[in-house]
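These are my notebook entries on what I looked up in the structure shown below.

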Amino acid sequence: MKDRDYMQRALELAGHAETQGEVPVGAVLVRNGEIVGEGWNRPIGRHDPSAHAEIMALRDAGQRLRNYRLPDTTLYVTLEPCPMCAGAIVHARVGKVIFGASDPRTGAAGSVFDLLPSDARFNHRTEAEGGLLADQSAELLRQFFRARRRR
């Protein structure tokens with residue numbers, strides 16, 4: 001599979017979040033070409049402010065791999081991670097984050113905050129790259145919020 005394929009899967013998971021009334025964000029964690037964790041936004045349904053797509057994918061991978069450290073992995077997420085998720089990503093030792101749409105309100109990979117790519121002050125460096133399938137990711141979010149405002 002290629003980066004686009006993994007991001008397409010993350011978009012599918014974002015759609016799953018939307019069907020549950022959640023903000024449509026999806027995430028896939030990959031190691032050695034294999035998906036080891038998946039997640040979608042679930043804070044409303046789980047009554048858990050930390051249940052963002054990235055955190056859910058990290059939790060899923062941690063359970064599957066039986067380890068809280070996830071080195072040599074790449075996280076594909078449809079929206080630029082927030083500061084909470086960026087912190088979890090660094091602590092999990094994720095190697096790289098590839099995201100779709102930038103988040104001009106709370107993005108922590110250069111849009112608002114510069115936590116990813118992580119700097120030398122952290123004990124682990126995580127790379128970050130944005131813009132993969134950004135138009136599709138952004139349009140999914142726009143449609144969701146447009147529909148929500150109409151209600």
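I placed P117 in the loop between β4 (96–101) and β5 (127–130), where strands (E, at least two residues) and helices (H or I, at least four) are DSSP runs numbered from the N terminus. The peptide bond leading from L116 into P117 is cis, its omega being near -5 degrees. This is a predicted model, in which local features need pLDDT of at least 70 and side-chain atom pairs count only at pLDDT 80 or more, while totals for chains, interfaces and linings use all residues. Residues are numbered from 1 along each chain as its sequence is written, and side-chain values use heavy atoms, with hydrogens and water left out.

I next looked up H47, a residue other than glycine with a positive phi, near 55 degrees; H47 sits in the loop between α2 (43–46) and α3.

I then turned to α3 (residues 53–65) and α4 (residues 83–91), whose axes come within 9 Å and cross at roughly 25 degrees; axes are lines fitted to C-alpha atoms, for helices over the stretch in contact, and angles run from 0 to 180 degrees between N-to-C directions. That angle makes α3 roughly parallel to α4, since angles under 35 degrees count as roughly parallel, over 145 as roughly antiparallel, 65 to 115 as roughly perpendicular and the rest as oblique. I noted E54, I55 and L58 of α3 and M84, C85, A88 and I89 of α4 as the residues that make the contact, which means heavy atoms within 4.5 Å. By class, these residues are 6 nonpolar, no polar and 1 charged, with Ala, Val, Leu, Ile, Met, Phe, Trp, Tyr, Cys and Pro counted as nonpolar, Asp, Glu, Lys and Arg as charged, and the others, Gly among them, as polar.

For α1 (residues 3–19) and α5 (residues 134–150), I found axes that come within 11 Å and cross at roughly 5 degrees, which makes α1 roughly parallel to α5. L11, A14, G15 and E18 of α1 meet Q136, S137, L140 and F144 of α5 in this contact, a set with 4 nonpolar, 3 polar and 1 charged residues.
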